[in-house]
Amino acid sequence: MALSGLQIFKLLPKTNCKDCGFPTCMAFALQLAAGKAELAQCPHVSDQAAAELGAAAAPPVRKVTVGAGPMAVTVGEETVLYRHEKRFEHPPGFAMLVDDSVDDTRFQELLDTFKAQEFDRVGQVLRARLFALESGDAGRLAARALKAHEETGAGLVLMSSDVGALRAAATPLAASKPLLYAANAGNFDEVSSLAKELAVPFVVQAPSLEELEGLGEKCAVAGLTEVVLDSMPATLGDALRDQTFIRRAAIKKRVRGLGFPTIAFPGRLTDDPLLKPVFASVFVEKYAGIIVLDSLDPAQVLPLLVLCQNIYTDPQRPMQMDQGIYPINDPGRDSPVLITTNFSLTYFTVAGEVEASKVPSWLLVMDSEGMSVLTAWAAGKFVADAIAPFVKKCGIEEKVDHRKIVIPGYAAQISGELETELGDWKVIVGVREAADLPKYLRAFDITTA
Ligand code: SF4
């Protein structure tokens, strides 16, 4: 049972030293009980108290890692229902499903596709990191698991109704933490024992939430924490209801048997290839830990990865670039100088268009606490008396012979004041939309600007 705030408070040092970031031990205790703080934030708690607080300190959704090394996927550890309450901790991991209908030639093609498919967006590499291999043939499952692991390093989801096949495939790869699929009411003891023996995570599945909670509770009682839940929905509506219920039960009610991440199979809910990624997007938002896809078509995968990136960004920490001078297309002393803010999306959009223009340019990126141009201007972060000292001190004056700077069109209001602040610089109002930059820069003449 989870401890109440008062029970936790009794075990804390009660010095109100504030080292945890909360004003009092009681405030910290209440946040810990609500799953919105971590025990590690208090550096003064005794070992004995830490042991007693273990249950309260554990996140309401347990942490599960599938795979090892750079392709490992960690899910769970969630503490909120809605991102704006704090943040979502781990984006779902995407798995590519390969079943017995795929022959060896096609399997090799899929491995090659998997290896090659990754996307670079706003400085982050996005990709599917898991392979889900399904087979009733023990030999084939083991051989394909080994091949997939050796060729891709991907985390594996091993799927079979034959526990012997799971054992044969998982045993040589146990160190790489494959996820066993699945334990149910009929084989729970066998599969959970195998998972415990190999120290690998496993899926628990049941056709109703009551049964699922019962099996999850059995796991919790047995000390098995690396568990993933499958509620076996028949329709998208059922799936959405189950995912929401499981997350709410874990976070709001601290139902231990449902306090695990989930796995979802959008391909089991529709045969329509166009609807499958739409269904998958529902699971990105509500609340799957692992999403098993039937296809790695980039037209389907990239939007899902971008959706994940958008939703799973910490809203309290906007993605930011370092403040500084960014040379693009090998600029020289007569190259144009542009300035923008350090919101990552703004930077990569502007930098991408400048690069596409093929015009050598200097891009000054100013720290605006991760805000876009208009937001930063409205917040007083991208204004003349902040920009001028940055331009003067950033070192651009040593890199160019001219004194002309292009500001974003959306910041046109500050041009006069900025020119006054900068003194010897001429301020030029550029385009509003980054998409117009290539045409603008190709026509830009530093001598007449
Ligand atoms: Fe209390 Fe620990 Fe927070 Fe200090 S760091 S206020 S002792 S909970």
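Predicted model: local features only at pLDDT ≥ 70, side-chain atom pairs only at ≥ 80, totals over all residues.
Q: Into which domains is the protein divided?
A: There is domain 1, covering 5-57, then domain 2, covering 64-311, and domain 3, covering 324-442.

Q: How far apart do domain 1 and domain 3 lie?
A: Their C-alpha centres are separated by 47 Å.

Q: Turning to helices, at what angle do α7 and α8 pack?
A: The angle is about 10 degrees, and the axes of the two helices are 10 Å apart. Helix α7 spans residues 163-170, and helix α8 spans residues 188-198.

Q: Is that roughly parallel or roughly antiparallel?
A: Roughly parallel, because the angle between α7 and α8 is under 35 degrees.

Q: Which residues meet there?
A: From α7, the residues are Val163, Leu166, Arg167 and Ala170. On the α8 side they meet Glu190, Val191, Leu194, Glu197 and Leu198.

Q: And how many of the residues in that contact are nonpolar, polar or charged?
A: Six are nonpolar and three are charged, while no polar residues take part in the contact of α7 with α8.

Q: Buried or exposed?
A: Ala185 is exposed: its relative accessible area is 65%, and the cut-off for exposed is over 50%.

Q: How far is Ala185 from Gly257?
A: In sequence, Ala185 and Gly257 are 72 residues apart; in space, the distance is 14 Å from C-alpha to C-alpha.

Q: What about Ser361, which strand is it in?
A: Ser361 belongs to strand β15, which comprises residues 361-366.

Q: Is Ser361 buried or exposed?
A: Ser361 has a relative accessible area of 0%, so it is buried.

Q: Which residues does Ser361 touch?
A: Leaving out residues up to four places away in sequence, Ser361 touches Tyr326, Pro327, Ile328, Pro331, Ser335, Pro336, Leu338, Val354 and Leu441.

Q: And what lies 2.9 Å from a polar atom of its side chain?
A: That is the backbone oxygen of Val359, at 2.9 Å from a polar atom of the Ser361 side chain.

Q: Last one: where is Thr346 found, and is it buried or exposed?
A: Thr346 is in helix α13, residues 344-357. Thr346 counts as buried because its relative accessibility of 14% is under 20%.

Q: Which residues does Thr346 touch?
A: Thr346 touches Thr340, Thr341, Ser372 and Val373, again not counting residues up to four places away in sequence.

Methods: Residues numbered from 1 in each chain as written. Heavy atoms only, no water. Domains from an automatic or database assignment. Axes fitted to C-alpha atoms, helices over the stretch in contact; angles between N-to-C directions. Helix = DSSP H or I, 4+ residues; strand = E, 2+ residues; numbered from the N terminus. Parallel < 35°, antiparallel > 145°, perpendicular 65-115°, else oblique. Contact = heavy atoms within 4.5 Å. Nonpolar A, V, L, I, M, F, W, Y, C, P; charged D, E, K, R; others polar. Buried < 20%, exposed > 50% of the residue type's maximum accessible area, 1.4 Å probe, protein only. Polar contact = N/O pair within 3.5 Å; in protein donor to acceptor, adjacent residues only side chain to side chain.
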